[in-house]
Each structure stands twice: as structure tokens, then as C-alpha cells.
Amino acid sequence: MTESCKLNLKGLSRAELAEQLAGIGKERYRADQVIRWLYRQRVTDIEQMSNLSRSCRERLHEFSYIGRIECRSEQLADDGTRKFLFQLEDGHTVETVLINDKNRSTLCLSTQVGCRMGCSFCLTGRSGFARQLSAAEIVDQVIQVAEIVDSGLARGTITNIVLMGMGEPLDNFAEVVKALEIMKYDDGLQFSSRRITLSSCGVAPKIVELGQRIEVSLAISLNAADDVLRSQLMPINRRYNLAALLAACRSYPHTNQRRITFEYILFADLNDSLDDARRLVELVGSLPVKINLIPFNEHPELPFKKPGQKQITAFMEYLQRHHLTVMTRRSKGADISAACGQLREAVAGQAV
Ligand code: SF4
């Protein structure tokens, strides 16, 4: 059997691993051992799993292997943000971003090669869609960056995970949920629900399903509080309008301590007026949310502009006066195109 027909052990859930091991006559607990080898020890070869018997390793070799995405380049921004370009086994590439703040290092993962949601302010969306990432390829971004961090080539340890890179995570639902499940294993990568945030453009039925399947924090890329403007900016709104999106958010398990985050990119003269702020207050109503205001990061290929500081402050203060929890976030890594909506696949032969 060639490697391309074999199963990549990374990206199999515990239940799937146990099933594969049962198929070669091995006990369920062997799956726990394999998980520790893959995600705690980060081994790259089945041979390194020294507490498995020789015969078990031989049988594993017959139908499986340990896949690996390759880091092809790395860029460092002035603010310490790092962007990694990973090449997948079939040659496609995705970008992963490590954002260092005072006491946290957040890893922003990609979930698709490209994206088919077509948000007008997003370079990923403009580059089209190539394919879904497998759970293995999503999880491996964490493993490979952890390796780079541990080898001293990048600062900090990964404290938080956000699914906010290339792609709409809920458009790759099954693989994303499996990847989240794997990242949460206590004997593996050990990311608690609190430290994982999935960001969606608003695929309403999948938000409901996500809440029923797994516990992670939710962020919504909102960007407009009226349907006409949101449909212009984000085509998903034509399928699931604001009423449908808000209904899905209300059904999502949340508490005052674990609120849903609404991300609102501020575009000059488009969604930054006090009328827009008033519509946002009305839309949110009594739903316990955090509003994350992100002044747009201008880019030569995009027609949008960043509002002036006065406008940003006025918008923020209006929300605060109406008792909303608001944060203003500066996009990180803008000088290396690592900011929100700036990630894309490398074009063959083009420097990244
Ligand atoms: S903002 Fe997100 S969902 Fe929209 S096109 Fe970009 S990657 Fe896709």
C-alpha cells in the first residue's frame, strides 16, 4: 500500500483510532497511547511509539502513517505577529498566524484552502476556493507551530486557538468538529473549551448544530446591523439574514461569563455612523455579547477605508453608553498581510 492510500493517524478521533486498532486485534486503550504519542510527544514515525509491541507497530505501518504539513516560509511583523506558510501533501498551501499579546499567544488556524463565502472585504474570499482541509491538516497547524515555538524559533507557548484564518470553519463542519475534539483531548493538546474560539460569517443552521455537538467559544463576523448592507458585504446574509443569525446565536450555549463575540469591522462612511451604532444596539438586544470593533486594515487591492480615530471613538462610546461590552482591536500583522481577511494561498513561484 502506498503512503497516499494509507490513513493519516493524525486527525483520527479517539473512537476512530480505537476502531482501527480493534480491526488489527488490539485493545481500546492502545488508542490512548497513540494519542499521547501523536500530540504530547509529537512523534513523526510509528516506530517511535515504543510502548506499542513490535507486531502492533508493524500492523499499524501496513495501513497507516503519520502525515505532516511542511512549513515553507515564515514572516515576522513589526508587532511580533508571525505568519507561517504551510504546504500540504498535495502541494496546496495555507497560512497560519501566531499573535503574541502581553500574556497570551493565540494561534489563528485555517480550515479551508481559500473560501467560498465571498465576503467583499476579504482577500481570502476573493482568491476563490480550492478544497477543504482535513482534520489532520487543521490539527497539524497546531503541532507544527508548537514545534517551532518549542525549538526557540518563535516566542511564547500557544495559549489560545482561534479558527479565524483562511476559510469558513462551518463550511467544513465534520472535519472542523473532529479537529476541535482532538485539540481538546486531556491527554493530547489539552486546549480547554474556553481557550478555543470558532469564528463564523453566519452559517446559521451550522451554528445551532455546533452548539449541540461541542463546547467552544463562538465569534460571529457581523460587520453590519442591517440586512441590506450586510448582504452587500457578506453574501451569506442573503441565505441567512440577521434574524436567522441572531436566532441561531440565541440557541448557542452561552453564559454571561462565556459570551458570544460579535466582530464588527469598521469601514469609513459605510458602517461607522452613530445610526449604525444604534442599529447594532437594537440588534443585539438582551443577548449577552462582547463587541469587538476592528478598524479596517486598508489594502491596495480593496476599496474600503479605515475610519478616523474620532469616528471610531464615537462609535465605541455610543455602544458603551448603551451598556454593551466593547473592545477595540487593532488588527495585528498588517505589514506582513497576516491581519484578518488578508490570508491566502501562495501562488506557485511567487514569493510570499
Ligand atoms: S471573511 Fe471569512 S468567511 Fe468571509 S470570505 Fe473571508 S475567510 Fe471566507
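Two residues are said to be in contact here if their C-beta atoms, placed from the backbone, lie within 7 Å of each other. The structure is a predicted model, in which local features need pLDDT of at least 70 and side-chain atom pairs count only at pLDDT 80 or more, while totals for chains, interfaces and linings use all residues. Residues are numbered from 1 along each chain as its sequence is written.

**Helix pairs**

Helices (DSSP runs of H or I, at least four residues) are numbered from the N terminus. In the contact between α1 and α2, the residues R14, L17, A18 and L21 of α1 meet R30, A31, V34 and I35 of α2. By class, this contact of α1 with α2 has six nonpolar, no polar and two charged residues, where Ala, Val, Leu, Ile, Met, Phe, Trp, Tyr, Cys and Pro count as nonpolar, Asp, Glu, Lys and Arg as charged, and the others, Gly among them, as polar.

Two packed helices are described by the angle between their axes and the distance between the axes. The axes are lines fitted to C-alpha atoms, for helices over the stretch in contact, and the angles run from 0 to 180 degrees between N-to-C directions.

| Helix pair | Axes come within | Crossing angle |
|---|---|---|
| α1 (residues 14-23) and α2 (residues 29-40) | 8 Å | roughly 120° |
| α7 (residues 204-213) and α10 (residues 242-251) | 8 Å | roughly 0° |

With its angle of roughly 0°, α7 is therefore roughly parallel to α10, whereas α1 and α2 are oblique to each other; angles under 35 degrees count as roughly parallel, over 145 as roughly antiparallel, 65 to 115 as roughly perpendicular and the rest as oblique. In the pair of α7 and α10, A204, I207, V208 and G211 of α7 meet A244, L245, A248, C249 and S251 of α10, and the residues of this contact divide into seven nonpolar, two polar and no charged.

**Domains**

The protein is divided into domain 1 (3-65) and domain 2 (70-336), with bounds that come from an automatic or database domain assignment. The centres of the two domains, taken over C-alpha atoms, are separated by 33 Å. Across the boundary, 11 residues of domain 1 are in contact with 14 residues of domain 2. On the side of domain 1 that touches domain 2, α2 provides the largest share, with five residues, and the residues of that side divide into two nonpolar, three polar and six charged.

**Ligand surroundings**

The ligand is surrounded by 13 residues, of which the closest are C115, M117, C119, C122 and G125; a residue is near a molecule if its C-beta atom, placed from the backbone, lies within 6 Å of it. This shell divides into six nonpolar, six polar and one charged.

Technical notes. Helix = DSSP H or I, 4+ residues; strand = E, 2+ residues; numbered from the N terminus.
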